[in-house]
Amino acid sequence: QPPTQPPTQPPTQPPMTRPATPQPTTPTPEPERPPTATSSAPTEPSQPPGGGCTGDAEVDAILTAAGVKASTMLSTSSIYTWEAFCQAVRSMEAVGLPLYRGSGAGAARVAQVLS
């Protein structure tokens with residue numbers, strides 16, 4: 001009987017590894033900041049007399065006659081309303097940054113304001 005040899009085994013290879021799969025991360029929340037002291041709480045600008053928008057009666061008359069509220073669709077928008085537009089105009093005035101008031105008189109001044 002011929003001598004028996006041990007069975008041959010294929011050479012061993014290192015196990016295959018997969019590249020690391022990136023794991024989702026959660027953002028680190030920003031630390032809460034303490035409220036800062038202010039000299040006074042901002043106040044909402046007052047509504048102009050007569051229910052106007054800008055506080056300039058001649059400008060308001062043109063805006064109304066031209067139907068700007070409806071034509072801009074601010075009368076039906078749930079995102080930005082006519083009232084919010086008017087409040088923004090008055091807020092600018094309240095902080096010292098009013099719309100241009102015009103340098104002329106009468107209709108010429110109103111045209112300058114609206115341009």
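View 1. Residue numbers start at 1 in each chain and follow the sequence as written, and side-chain values rest on heavy atoms, with hydrogens and water left out. Because the model is predicted, local features need pLDDT of at least 70 and side-chain atom pairs count only at pLDDT 80 or more, while totals for chains, interfaces and linings use all residues. Helices (H or I, at least four residues) and strands (E, at least two) are DSSP runs, numbered from the N terminus. Of the 115 residues in the chain, 14% are buried; buried means under 20% relative accessible area, exposed means over 50%, and partly exposed lies in between (1.4 Å probe, protein chains only). Among contacts with a separation of 6 or more, 46% come from residues 24 or more positions apart, where contact means heavy atoms within 4.5 Å.

**View 2. Helix α1 packs against helix α4.** Two packed helices are described by the angle between their axes and the distance between the axes. Here α1 (residues 57-65) and α4 (residues 106-114) pack at an angle of about 70 degrees, with axes 10 Å apart. That makes α1 roughly perpendicular to α4. Angles under 35 degrees count as roughly parallel, over 145 as roughly antiparallel, 65 to 115 as roughly perpendicular and the rest as oblique. Axes are lines fitted to C-alpha atoms, for helices over the stretch in contact, and angles run from 0 to 180 degrees between N-to-C directions. The crossing of α1 past α4 is right-handed, meaning that the near helix is turned clockwise from the far one by less than a right angle. On the α1 side you will find E58, V59, I62 and L63; α4 contributes G106, R109, V110, V113 and L114.

**View 3. V59 is a buried residue of helix α1.** With a relative accessibility of 3%, V59 counts as buried. Beyond its neighbours within four places in sequence, V59 is in contact with T54, V110, V113 and L114. V59 and L114 are 55 residues apart in sequence, yet their C-alpha atoms lie 7.3 Å apart in space.

**View 4. C53 and C86 form a disulfide.** A search of the whole structure finds one disulfide, defined as a pair of cysteine sulfur atoms within 2.5 Å. The sulfur atoms of C53 and C86 are 2.0 Å apart. The torsion about their S-S bond is about -110 degrees, so the disulfide is left-handed. This pair links distant parts of the chain: C53 sits in the segment before α1 and C86 in helix α3 (residues 82-94), 33 residues apart. C53 counts as buried at 5% relative accessibility, and C86 counts as buried at 5%.

**View 5. M73 and Y80 sit in the loop between α2 and α3.** Most residues other than glycine have a negative phi. M73 is not a glycine, although its phi is positive, at about 65 degrees. M73 counts as exposed at 56% relative accessibility. Y80 is partly exposed, with a relative accessible area of 37%. Leaving aside neighbours within four places in sequence, Y80 is in contact with L74, F85 and A88.
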